[in-house]
Amino acid sequence: MEVPTIARRTSWTGGKVQERLRRLNLITTVPPLALVGVFLLLTTARSWWHVVIQVAGLLAALATAERWTAGDYLRVARPSLAVTAVVWLAGSLTDDTAAFFGLSVVGSYLIPPLPRRRLTALAGLTVLIAGLGAANVLVHDDRIGWRLFQFAAVPAAAMLVSTAFMFASQRFFDLIAELEQSREREAELAVTRERVRFASDLHDIQGHTLHVVKLKVALAEKLLDREPGRAREELREVHDLVGETIVRTKELAYAQRRLNLSAELENAKNLFEAAGIHVRVTRESEVDAAAGELLGQVLRETTTNILRHAEARQVGITLTRHGIAIVNDGAPDTGPLELGGLAVLRQRLAEHGAELEVSHSGGRFRTAAAFPVPKEVRRR
């Protein structure tokens, strides 16, 4: 079942999708309208009065076009409809054939978003534009047939054509909004999958341990009076098991358990590509095995941050023998950097003599971790 147009348009308002659609609208829709309006102005205006009324209509049309992807575009479009109707009436009375441009543009923006009776509204606007144009014959009684064609038929046809283009344009913007929302859902799903993987690993570590602890404590309780030595042995095993589990849980929390940089790199590429982000990997050399584990942690944490907090289109990953650098675009400019999990990693890296640097400039976020180069390597 097709989703009503007005229901789809509600997904344009708010959030990252609206910001992208507004940028797209300002690039693909507003400039062509401005160029057409200026062209008509330069080729048809024969007096200063024609310039004034065409500029007024063009400004009203551009104001409507600029606000089209905003949630409040009707607040601008309705007054603009009245302004452009007056402009067209003034143009028809003063023999300005191009003054209908603003009214045809504004009218075409109002029709497609209507939830119902769009054809009725289109017919009404077509009759309005033809009727206002027909007023030309009231002050000019020569060549009435030709004047009706110029001031009624042509503007009415232009209204129909521009509305058809707007239906196609709105459908295009609906598809863009759906794609952007799908991309956001893919990113959220990628983060959710990572959380599920973590929960599964945590369950594997602690679920078995807790079950064994429960059995051993119950056994120790039974042996406490009869065989206290064996009971102490069982409790000692419980102590050792809990200690081992704490270590394994800590390793999991810091992404150390069975961590492999190559596997993390492949996982990051898959997550980014699933979210519609282009990934470029540059290997300047093979990563030192001693550094790979911690660098894999940096890559995993940075991948999660990009998917959750950025509007990235491109991510560049550079690997050197002793370091990694991840650069992404689409970083929000929200004031001071909040490192979150990276702050913990910075401390762990510092314990191993490595450094973690983050920077944010021009919408690009850079995360870089590097281990010191051994002296024997520097001497070569």
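## Overall picture

Two residues are in contact when heavy atoms of theirs lie within 4.5 Å. In this predicted model, 71% of the contacts between residues at least 6 apart in sequence join residues that are at least 24 apart. The protein contains 14 helices and five strands, and of its 380 residues 42% count as buried. Its accessible surface comes to about 21,000 Å², and 61% of that surface belongs to carbon and sulfur atoms.

## The nonpolar cores

The largest nonpolar core is made of 36 residues, and those with the most contacts inside this core are L307 and I324. Among the elements that give two or more residues to this core are the helices α9 (144-226) and α12 (289-309), together with the strands β2 (314-320) and β3 (323-328). Helix α12 provides the largest share, which amounts to seven residues.

When its neighbours within four places in sequence are left aside, L307 is in contact with A187, A190, V191, L271, F272, A275 and I277.

Helix α7 covers residues 118-134, and its 17 residues reach 24 Å from the first C-alpha to the last, which is close to the 24 Å expected at 1.5 Å a residue. The buried residues in α7 are L122, L125, T126, I129, A130, L132 and G133. Because they cover an arc of only 165° around the axis, these residues lie on the same side of α7. On the other side of the helix, T120 and V127 are exposed.

## Salt bridges

The structure holds five salt bridges. One of them joins D95 and R147, whose closest N and O atoms are 2.7 Å apart. This pair links distant parts of the chain, since D95 sits in the loop between α5 (73-93) and α6 (101-110), whereas R147 belongs to helix α9, and the two are 52 residues apart.

In another salt bridge, R236 is paired with E233, and here the closest N and O atoms are 2.4 Å apart. Because R236 and E233 are three residues apart in helix α10 (residues 228-253), they are separated by about one helical turn. R236 counts as partly exposed, at 45% relative accessibility, and E233 also counts as partly exposed, at 35%. The side chains of R67 and E66 meet in a salt bridge as well, with a distance of 3.9 Å from N to O.

Key. Residues are numbered from 1 along each chain as its sequence is written. This is a predicted model: local features need pLDDT of at least 70, side-chain atom pairs count only at pLDDT 80 or more; totals for chains, interfaces and linings use all residues. Side-chain values use heavy atoms; hydrogens and water are left out. A nonpolar core is a set of buried Ala, Val, Leu, Ile, Met, Phe, Trp, Tyr and Cys residues joined through side-chain atoms within 4.5 Å. Buried means under 20% relative accessible area, exposed over 50%, partly exposed in between (1.4 Å probe, protein chains only). Helices (H or I, at least four residues) and strands (E, at least two) are DSSP runs, numbered from the N terminus. Accessible areas come from the Shrake-Rupley method with a 1.4 Å probe; for residues, only the protein chains shown count as cover. The expected span of a helix is 1.5 Å times one less than its number of residues. The arc is that of the directions from the helix axis to the C-beta atoms. A salt bridge is a side-chain nitrogen of Lys or Arg within 4 Å of a carboxyl oxygen of Asp or Glu.
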